[in-house]
Amino acid sequence: MILVARPDDTPLKEAARASDELMALGVSRQMLVLNAVLPETAAVDAVTKAIFAKQQAALRTSPQELADLPTYAVPFRSYNITSIDAMRSMLQNAPTTTFATNKQQTIFAGGMLHQTNLRDLARTL
């Protein structure tokens, strides 16, 4: 089962609740996709810096239930992905950007974060 959430407190709590319910039903193969993750390199003004800080705080304090799920992150885009061409642009022509943390950097290549999990991601913050 693929759980999708934005990197904010309430969506992460809801994903954890859904994960618990699915586990109770015997659905143990789960993964998490974080949607609209703002890379640090995009935090260039007061508004984007505040959004970046809020997302980082939510990831650091994410529910324990999500800690070991395989996790992928899709970076925030300034355009809507409403067509096949926009999807291709997101996946193929996306520049490699850095999702920076205090201790290490994780690279978005081709628009996707390589697989990790929230526990490892939170450890790097």
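This is a predicted model: local features need pLDDT of at least 70, side-chain atom pairs count only at pLDDT 80 or more; totals for chains, interfaces and linings use all residues.
Read along the sequence, the protein chain runs through the pattern β-α-β-α-β-α-β-β-β-β-α, and its secondary structure comes to four helices and seven strands.

**The chain as a whole**

- Of the 125 residues of the protein chain, 41% count as buried.
- When contacts between residues at least 6 apart in sequence are considered, 67% of them join residues that are at least 24 apart.
- The protein chain has an accessible surface of about 7,300 Å², and carbon and sulfur atoms account for 54% of that surface.

**The largest nonpolar core**

- The largest nonpolar core is made up of 15 residues, and L3, L12, L32, L34 and L66 are those with the most contacts inside it.
- Two or more residues of this core come from each of β1 (2-5), α1 (9-24), β2 (31-37) and α2 (46-60), with α1 giving the largest share, namely five residues.

**Helix α1**

- The length of α1 agrees with what its residue count leads one to expect, because 16 residues at 1.5 Å a residue should span 22 Å, and the C-alpha atoms at the ends of the helix are 23 Å apart.
- The buried residues of α1 are L12, A15, A16, A18, S19 and L22; they cover an arc of only 165 degrees around the axis, and therefore lie on the same side of α1.
- On the face of α1 that is turned away from its buried side, the exposed residues are T10, K13 and A24.
- After α1 comes G26, a residue whose phi is positive, near 90 degrees.

- T71 belongs to strand β3, which covers residues 70-75.
- This threonine, T71, counts as buried because its relative accessibility is 1%, whereas the cut-off for a buried residue is under 20%.
- The side chain of T71 reaches the backbone oxygen of L69, at a distance of 2.9 Å.

Note on methods. Residues are numbered from 1 along each chain as its sequence is written. Side-chain values use heavy atoms; hydrogens and water are left out. A nonpolar core is a set of buried Ala, Val, Leu, Ile, Met, Phe, Trp, Tyr and Cys residues joined through side-chain atoms within 4.5 Å. Buried means under 20% relative accessible area, exposed over 50%, partly exposed in between (1.4 Å probe, protein chains only). The expected span of a helix is 1.5 Å times one less than its number of residues. The arc is that of the directions from the helix axis to the C-beta atoms. Contact means heavy atoms within 4.5 Å. Accessible areas come from the Shrake-Rupley method with a 1.4 Å probe; for residues, only the protein chains shown count as cover. A polar contact is a pair of N or O atoms within 3.5 Å; within protein, one must be able to donate a hydrogen and the other to accept it, and residues adjacent in sequence count only if both atoms are side-chain atoms.
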